[in-house]
Protein chains: 2
Amino acid sequence: MKAIILAGGSGTRLWPLSRKSYPKQFLKLNSNTSLLQQSVDRLSGYLQMEDVLIITNKEYMFYVKSELKNMTEGGHKAHVLYEPTGRNTAPAILLGIKYCEEIIGVNDDEIMFICPSDHVIKPNGKFIDYLKNAEIAAKNGYIVTFGITPVRPETGYGYIERGDKLNGLSASMECFLVRAFTEKPNTDTAKQYIDGGNHFWNSGMFTFQIGVMKEELKKYVPNLWQYYDLKYNEFIEQFAQIPDKSIDYAVMEKTDKIAVLPMDIYWNDIGSWDSVYEILEQDTDGNSTTGNVITLETKGSMIIGGKRLMATIGLEDCLIVETDDAILVSKRGQAQKVKDMVTYLKEQNKKEVSEHTTMYKPWGHFTVLEEGNRFKIKQVVVIPGEALSLQMHHHRSEHWIIVAGTAKVTIADKEMFVHENESVYVPKSTKHRLENPGKIPLALIEVQNGEYLEEDDIIRYDDKYARLI
Amino acid sequence: MKAIILAGGSGTRLWPLSRKSYPKQFLKLNSNTSLLQQSVDRLSGYLQMEDVLIITNKEYMFYVKSELKNMTEGGHKAHVLYEPTGRNTAPAILLGIKYCEEIIGVNDDEIMFICPSDHVIKPNGKFIDYLKNAEIAAKNGYIVTFGITPVRPETGYGYIERGDKLNGLSASMECFLVRAFTEKPNTDTAKQYIDGGNHFWNSGMFTFQIGVMKEELKKYVPNLWQYYDLKYNEFIEQFAQIPDKSIDYAVMEKTDKIAVLPMDIYWNDIGSWDSVYEILEQDTDGNSTTGNVITLETKGSMIIGGKRLMATIGLEDCLIVETDDAILVSKRGQAQKVKDMVTYLKEQNKKEVSEHTTMYKPWGHFTVLEEGNRFKIKQVVVIPGEALSLQMHHHRSEHWIIVAGTAKVTIADKEMFVHENESVYVPKSTKHRLENPGKIPLALIEVQNGEYLEEDDIIRYDDKYARLI
């Protein structure tokens, strides 16, 4: 069995923590591992890491790789692919199939499991049992979706209605044909679903035999299927032309080979801060706080503090999320409206929607400390052995003051070492490079001066340090 | 008539905005003028600025002076005195009396009006009428307190119970002898007070003839009075030895010359964020927001935002106050508990209780942008024509990068000019001075390096720029 974890999403339902520049799947919310790491970890109970593929996008490649590198279970052995552009789930899955066939070398009998990268499921052992049973059904030619037994009349999810029971399976668990996929219901309908006992939450996970999925793609989405004949590299090159289609719409809702495996298990898609509150440990007052937080007569509240001191008095059922540049204070039960807030902020072109003050890069990270008229101050950290690409800015000069470690600095054709408590000046329109040749992180303060200080005033030169970003 | 405005308080009931380093009376809450400026302004309807004295403490001297300088009504003509140490109201008033007698030159017939620097009263014309009537009663030998007609059963104030009506006054308003000063009552008692109609809120304002107050001080607090015979300068020198006594306890509650002038007027002592909400203008949802704030389905809330984006969803009756280093989120009606919060934070030795990230100085101000292991980054702004005193640090070196204006820098015996986009290095244990010889504010970034980076690692040299602080 091969597993594909879809990790290209850039959701903002957990704004201000989750932003395009660092989305949900990379957040460490309920433990010291990220949701992505938990998703990979989950599979290690049954699969080898070599059998796990993670499909993300260019921008998140190095996040994914560093996340995997930091995993104890040899996560680095997993395969990391990226979509040149986001084209929805159907092309992503075809990309995975082609990679497995051409690069790994599998045949049509291979079973493939598809899952998101940002859900919480527990207990894991139970989940693995379900996975094994789904595999059996898939070997029998079914495309098996995982349906969660609903525990509340949730109006935020799509539901799967079960049909006849599948017979002749040597599975220890019951599996059913799918009668219908339903849209998000209203509360009354949702209640009926629960009472009826035939409807299950659509978890977005499914498994199938590669041969079967190929047949269905060929049958139902020929304009997508035509790209299958390309070699993997050509496929990547032409990826942008592939029609943007979700696998649900393209295949699941059309094929008659669709089945559902009901799972009676804890599942949470972390679709809002309300869901986050649900998975966090709470104290006797029902509070869940992290960071520099002090509460007084506060109950049933989640407070995710940052650097700043956060003091609350007499609050009940509130959600507070504090970041360097934005703070969200919401009533619990209303967190789904974060979506509306984010939409509004986008209309207002607020950079706080998409960018964090701290931006992670393959070479380390930087934080904007202050911006003003004609100046910007950044704190820059370079990982030992890493370097920024050779670059030039036309509209700004830069002062670097080293506060920790040793920098190897190239300015024009001069190379020099700059040590703690020393500074160096990079004039406008001058080629320069910053490297950390040492053994400890290099920390420096960059003071930019100029009439234009945006990130896009940069010319990168192709050299040994040239990177995707 | 002379007026004394007491502006030495360092209250933290409006934390995190009000802190010891920049307390309530200097805050601009309900307009573009501070509470202190409004207190001075209030008197300009009746008094000349030359008749106004402001008593503060050393630390706040330059705040007071710059506040007065920024007033249109010639506030700079007011007298500014400071208590060498805080010794409560009785010594402060004696200080004011001595200053008026010795420096200004008044006699015992002079009427003196005492008021706090951080209250809101309106309308002003009506207040001035009351003040004039109080003056008449004072001329008749009474110490006249200003009692506010209570509009709610407030348990947070002390009350003044009126006695017999004062006769033989040519005052157009009724004035009464005081039967008793009462402590903060419980709700039932407070309700009885309102129904009875004989109790008034103690506004902390009063007026008297200097001769009368001197008599009463002599009579009731001889151990305070003995200092009266000192010359003003000696009085200042020995100020720390003067017994710490409130004028209420020392005189008001003992003398039989005490009267009360009931005032039917809007009065707010801004004793909590709840009171602040009351004086702010609210939109149709009952919200009052300032700063970078976006509200969604939020009602009856006060949101004082700072630099960062503050987003609220589904809140009702909340108070949010955001500063660079601390955020308060409280339910409305519970703001008096800020006191408990501050007490707790003090026990925890949190610097956010007493210090702001931005510290104002006679020469300008600085903001701590970031602190880390062995480094600290400050943004420094020097007012045109101003300078820091000649100084030296033993544990840190400093890099200065000029981002705006021109600096005159003295390092050891070298003098130099440093311009925008230039930098200069100040080694440890080296005398240095920073000046702004130019016409626009000098803005620079200071990066400190060293093993100890606290403010107290400073040696100041006595020179033309030496100051109180």
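**Close-up views of a predicted two-chain model**

**View 1. Around B:Thr358.** Leaving aside residues up to four places away in sequence, B:Thr358 touches B:Asp324, B:His365, B:Phe366 and B:Thr367. This is a predicted model, as are the views that follow. B:Thr358 belongs to strand S18 of chain B, which covers residues 358-361. With one of those neighbours there is a polar link as well: the side chains of B:Thr358 and B:Thr367 make a polar contact of 2.7 Å. The relative accessible area of B:Thr358 is 18%, so the residue counts as buried, the cut-off being under 20%.

**View 2. The axis between the two chains.** Turn chain B by 180 degrees, shift it 0.0 Å along the axis, and it can be laid on chain A with an RMSD of 0.1 Å. That is how a two-fold axis relates its copies. Which C-alpha of chain B is nearest the axis? That of B:Leu369, 3.3 Å from it. The two copies use the same surface, with 100% of the contact residues of chain B recurring in chain A.

**View 3. The interface of chain B and chain A.** Each side is well represented here: chain B puts 54 residues into the contact, and chain A puts in 54 residues. Between them the chains bury about 4500 Å², and 63% of that is on carbon and sulfur atoms. The polar side of the story is 29 residue pairs in polar contact across the interface, both partners at pLDDT 80 or more. On the side of chain B that touches chain A, strand S17 (residues 326-331) gives the most, with 6 residues. Sorted by class, that side of chain B has 27 nonpolar, 12 polar and 15 charged residues.

**View 4. Salt bridges from chain to chain.** How many salt bridges are there between chain B and chain A? The count is 7. One of them pairs A:Arg374 with B:Glu420, with the closest N and O atoms 3.0 Å apart. B:Lys307 and A:Glu370 form a salt bridge too, and here the closest N and O atoms are 4.0 Å apart. B:Lys307 sits in the loop between strands S14 (302-304) and S15 (309-313) of chain B, and A:Glu370 sits in strand S19 (residues 364-372) of chain A, so this pair joins two chains.

View 5. The side chains of B:Arg308 and B:Glu322 meet in a salt bridge of 2.4 Å, N to O. The pair links distant parts of the chain, 14 residues apart: B:Arg308 is in the loop between S14 and S15 of chain B, and B:Glu322 is in strand S16 (residues 318-322) of chain B. Buried or exposed? B:Arg308 counts as buried at 6% relative accessibility, and B:Glu322 counts as buried at 3%. Through shared partners, salt bridges join A:Arg308, A:Glu322, B:Arg308 and B:Glu322 into one network.

**View 6. A salt bridge within chain A.** Over all chains, a search of the whole structure turns up 48 salt bridges. This view picks out the one between A:Arg19 and A:Asp325, whose closest N and O atoms are 2.8 Å apart. The two residues are 306 residues apart and link distant parts of the chain: A:Arg19 lies in the loop between strand S1 (2-6) and helix H1 (35-43) of chain A, A:Asp325 in the loop between strand S16 (318-322) and strand S17 (326-331) of chain A. A:Arg19 is buried, with a relative accessible area of 0%, and A:Asp325 counts as buried at 9%.

**View 7. Both ends of helix H5 in chain A.** At the start of helix H5 (residues 187-196), a side-chain oxygen of A:Asn186 comes within 3.2 Å of the backbone nitrogen of A:Asp188. Just after H5(A), A:Gly197 has a positive phi of about 75 degrees.

**View 8. Helix H6 of chain A and its packing.** Buried residues of helix H6 (residues 210-220) include A:Ile210, A:Val212, A:Met213 and A:Leu217. What do the buried residues of H6(A) pack against? Helices H3 (89-104), H7 (222-225) and H9 (247-252) of chain A, along with strands S4 (111-116), S6 (143-148) and S9 (199-209).

Terms used
Residues numbered from 1 in each chain as written. Chains lettered and ligands numbered in written order. Predicted model: local features only at pLDDT ≥ 70, side-chain atom pairs only at ≥ 80, totals over all residues. Heavy atoms only, no water. Least-squares fit on C-alpha atoms with pLDDT ≥ 70 in both. Contact = heavy atoms within 4.5 Å. Helix = DSSP H or I, 4+ residues; strand = E, 2+ residues; numbered from the N terminus. Buried < 20%, exposed > 50% of the residue type's maximum accessible area, 1.4 Å probe, protein only. Polar contact = N/O pair within 3.5 Å; in protein donor to acceptor, adjacent residues only side chain to side chain. Buried area = accessible area lost by both parts, 1.4 Å probe. Nonpolar A, V, L, I, M, F, W, Y, C, P; charged D, E, K, R; others polar.
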